[in-house]
Amino acid sequence: MGNIILIGMPGCGKSTVGVKLAQALDMSFIDTDDVIQERSGRRLQEMVDDDGIDRFLEEEADAVCSLQVSGYVVATGGSVVYKERAMRHLHAVGTVLYIELPYEEIERRIHNLSSRGIALREGQTLRMLYDERIPLYEAQADAVVHAQGLKMDETVQAAIRACCEKRQSMV
């Protein structure tokens, strides 16, 4: 069985949706942010602060490329789309679903911008980051889950439908 890979902005619900999606499909769940922290022995924000964003992105890609799992829902960090090698690996092992939310909802959900471990460059606002990443998520997605206005269970069902539709179109 393949994997379901969740990409999207911080705050879009990848981890929360991922856990519920895995339960609904009787799959296992893994969050690549946890893998990165386990491999480094440090929190994400500490890595960004101490090593800089470029080094963090390399470590994130290394962690993602180390994943050799099957039958998993994989929640990724929002910055995974910056490294082509990481995305190639994720596409090779699963179906990539983009959890899409409008900027206003992301802004409403993120309260800890400076401590959350977000790969935000000096002087870059959340809006600038959103505008930069959206085309990357859209380009990498096998399917998009439009989550605006959906409750958690509705988002999970939309993800299941998107995944099923994508897999049927491949047959």
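Biologist: Which residue in E4 is the bridge partner of Ile7?

Modeller: The partner of Ile7 in E4 is Tyr98. Helices (H or I, at least four residues) and strands (E, at least two) are DSSP runs, numbered from the N terminus, and two strands pair if DSSP finds at least two bridges between them. The model is a predicted one, in which local features need pLDDT of at least 70 and side-chain atom pairs count only at pLDDT 80 or more, while totals for chains, interfaces and linings use all residues. Residues are numbered from 1 along each chain as its sequence is written, and side-chain values use heavy atoms, with hydrogens and water left out.

Biologist: How many bridges join E1 to E4, and how do the two strands run?

Modeller: E1 and strand E4 (residues 94–100) are joined by 5 bridges and run parallel. Among these pairings, Asn3 has Gly94 as its bridge partner in E4. E1 is also joined to strand E3 (residues 72–75), by 3 bridges, and this pair runs parallel. In E3, Val74 is the bridge partner of Ile5.

Biologist: In what order do the strands form the sheet?

Modeller: The order is E2-E3-E1-E4-E5, an open sheet of 5 strands with parallel pairing. Its edge strands are E2 and strand E5 (143–146), each of which pairs on one side only. From one strand to the next, the twist averages 25°. For such angles, axes are lines fitted to C-alpha atoms, for helices over the stretch in contact, and angles run from 0 to 180 degrees between N-to-C directions.

Biologist: Which residues of E1 point one way and which the other?

Modeller: Asn3, Ile5 and Ile7 point one way, Ile4 and Leu6 the other, and all are buried. Buried means under 20% relative accessible area, exposed over 50%, and partly exposed in between (1.4 Å probe, protein chains only). Because 5 of the 5 residues of strand E1 (residues 3–7) are buried, the strand is largely enclosed by the rest of the structure.

Biologist: At what angle to E4 does helix H5 run?

Modeller: Helix H5 (residues 84–93) lies across E1 and E4 and runs at about 115° to E4. Helix H7 (residues 126–140) also lies across E1 and E4, at about 145° to E4. Contact here means heavy atoms within 4.5 Å.

Biologist: Which residues does Leu57 touch, not counting those up to four places away in sequence?

Modeller: Leu57 touches Ser79, Tyr82, Lys83, Ala119 and Arg121. Leu57 has its place in helix H4 (residues 53–66) and counts as buried, at 5% relative accessibility. Separation along the chain and in space may also be read together: Leu57 and Val69 are 12 residues apart in sequence and 21 Å apart, C-alpha to C-alpha.

Biologist: How many disulfides does a search of the whole structure find?

Modeller: A disulfide is a covalent bond between the sulfur atoms of two cysteines. The criterion is a pair of cysteine sulfur atoms within 2.5 Å, and the search finds 0. For Cys12 the closest cysteine sulfur, in Cys163, is 16 Å away, too far for a bond. The sulfur of Cys164 also has that of Cys163 as its closest, at 6.3 Å, again too far for a bond. Cys12 is buried, with a relative accessible area of 4%, whereas Cys164 counts as partly exposed at 40%.

Biologist: What is phi of Asp26?

Modeller: Phi of Asp26 is near 55°, a positive value in a residue other than glycine. Asp26 is found in the loop between helix H1 (14–24) and strand E2 (28–31), and counts as exposed at 73% relative accessibility.

Biologist: What pattern does the protein follow along the sequence?

Modeller: The pattern is β-α-β-α-α-α-β-α-β-α-α-β-α, with 8 helices and 5 strands. The radius of gyration is 15 Å, close to the 16 Å that the globule rule gives for 171 residues, so the protein is as compact as a globular protein of that length. That radius is taken over C-alpha atoms, and the rule is 2.2 Å times the number of residues to the power 0.38. Of contacts between residues at least 6 apart in sequence, 72% join residues at least 24 apart. Buried residues make up 51% of the 171 residues.
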